[in-house]
Amino acid sequence: MESLVREQIKSHEALAVDRMSAYYGQAVAVRDVSFSVPVGASVGILGPNGAGKTTLLLALAGHLPITGSYSFNGVKRRQHRPSTLRRRGVALVPQTHAVIAEMTIERNLRAAWSTGTKDTSFANAMGEVLELFPALRGRAAELAGNLSGGQRQMLAVGRGLISRPRVLMLDEPTAGLSPKLVNELVEALITLRGSGLTVLLVEQNFSAAQRACDRLHVLRDGTIRWSGAAEDLDRQTAGVLYTGEPNNERK
Ligand code: ATP
């Protein structure tokens with residue numbers, strides 16, 4: 001009975017990371033990290049430059065060697081292949097090179113759709129993306145390279161979404177955006193949170209992560225230093241955790 005209950009709890013985890021470390025050659029950049037993301041939840045990873053946030057996402061997208069393990073939707077592997085993960089509904093919106101400048105908006109979206117789960121037609125999927133990001137509407141034939149920084153970021157997130165993922169991972173999507181665009185993006189993430197999509201959001205923007213996420217983890221030097229409900233982390237504590245001042249006990 002107990003194991004049945006445990007299995008049921010596990011099956012509600014879209015992502016479960018178990019004592020994972022990630023490496024660049026011999027160098028370890030993420031150490032012994034464990035956390036989980038329930039289905040439909042939004043979880044944020046905060047931390048200073050060089051903390052290991054991008055490394056964590058690259059490892060979870062199957063791009064780096066790891067020790068430990070992680071599972072998506074209950075499928076546990078030591079190492080997952082990026083293409084298999086995409087087909088199973090795991091999408092990563094990277095911080096750089098997230099759109100193809102030489103392609104139109106529509107071709108950018110179609111290319112991303114074709115690598116995903118294809119659980120609906122391209123037209124339907126594109127309609128949903130344009131509903132979320134009005135700034136891209138009526139511009140399908142424009143080159144992505146001609147878009148503003150903010151519009152490009154919307155397109156980058158749109159590319160992640162149009163692959164129709166079950167788990168969407170985003171690497172600092174608010175980086176370089178004006179406060180107005182940060183707000184628009186956070187509003188879109190809040191809408192997505194209500195849609196049942198599972199989100200893992202890496203951010204340096206404290207208030208964006210706090211608004212968009214249910215739960216937060218603070219990473220520094222590749223290690224999780226704090227975990228808890230988003231409303232339980234205040235900016236001052238986050239600052240102390242970022243810099244590694246004393247009194248940064250892990251909660
Ligand atoms: P930022 O917010 O600046 O993007 P981050 O938290 O995403 O930082 P990472 O980019 O994951 O941090 O870097 C974590 C550590 O791994 C850093 O010490 C960094 O120098 C190192 N690192 C990152 N990329 C490589 C690489 N390709 N080869 C070797 N070391 C790397």
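Two strands pair if DSSP finds at least two bridges between them. The exercises below apply this and related ideas to a predicted model.

**Exercise 1. Strand 4 and its partners**

Solution. 
Step 1. Strand 4 and strand 5 form a hairpin with 2 residues between the strands, where Asn 73 takes a positive phi near 50°.
Step 2. As for solvent, strand 4 (residues 66-72) is mostly covered, with 5 of its 7 residues buried.

**Exercise 2. Aromatic pairs**

Task: State how many aromatic pairs a search of the whole structure finds, and classify the pair of Tyr 70 and Phe 72 by its geometry.

Solution. 
Step 1. The search of the whole structure gives 2 aromatic pairs.
Step 2. A pair of aromatic rings is described by two quantities, the distance of the centres and the angle of the planes.
Step 3. For Tyr 70 and Phe 72, the ring centres are 5.8 Å apart and the planes stand at 85°. Centres must lie within 6.5 Å for a pair, and planes over 60 degrees apart count as edge-to-face. The pair of Tyr 70 and Phe 72 is therefore edge-to-face. Both Tyr 70 and Phe 72 are buried.
Step 4. Trp 113 and Phe 122 also form an edge-to-face pair, with 5.9 Å from centre to centre and 65° between the planes.

**Exercise 3. The surroundings of Trp 113**

Task: Decide whether Trp 113 and Phe 122 are buried or exposed, and identify the residue that lies over the face of Trp 113.

Solution. 
Step 1. A residue is buried if its relative accessible area is under 20%. Trp 113 has a relative accessibility of 16%, so Trp 113 counts as buried. Phe 122 is buried because its relative accessible area is 7%.
Step 2. Lys 118 lies over the face of Trp 113, at 5.9 Å from the ring centre.
Step 3. Ile 162, which belongs to helix 6, is 49 residues from Trp 113 along the chain, yet their C-alpha atoms are separated by 5.2 Å. Beyond its neighbours within four places in sequence, Ile 162 contacts several residues, including Trp 113, Phe 122 and Met 126. With a relative accessibility of 0%, Ile 162 counts as buried.
Step 4. Ser 163 occupies the loop between helix 6 (149-162) and strand 7 (167-171). Among the residues Ser 163 touches, apart from those up to four places away in sequence, are Ala 91, Trp 113 and Thr 117. The side chain of Ser 163 reaches the backbone oxygen of Gly 160 at 2.8 Å.

Definitions and conventions: Residues numbered from 1 in each chain as written. Predicted model: local features only at pLDDT ≥ 70, side-chain atom pairs only at ≥ 80, totals over all residues. Heavy atoms only, no water. Phe/Tyr/Trp six-rings, centres within 6.5 Å; stacked < 30°, edge-to-face > 60°. Buried < 20%, exposed > 50% of the residue type's maximum accessible area, 1.4 Å probe, protein only. Lys NZ or Arg CZ within 6 Å of the ring centre and 35° of its normal. Helix = DSSP H or I, 4+ residues; strand = E, 2+ residues; numbered from the N terminus. Polar contact = N/O pair within 3.5 Å; in protein donor to acceptor, adjacent residues only side chain to side chain. Contact = heavy atoms within 4.5 Å.
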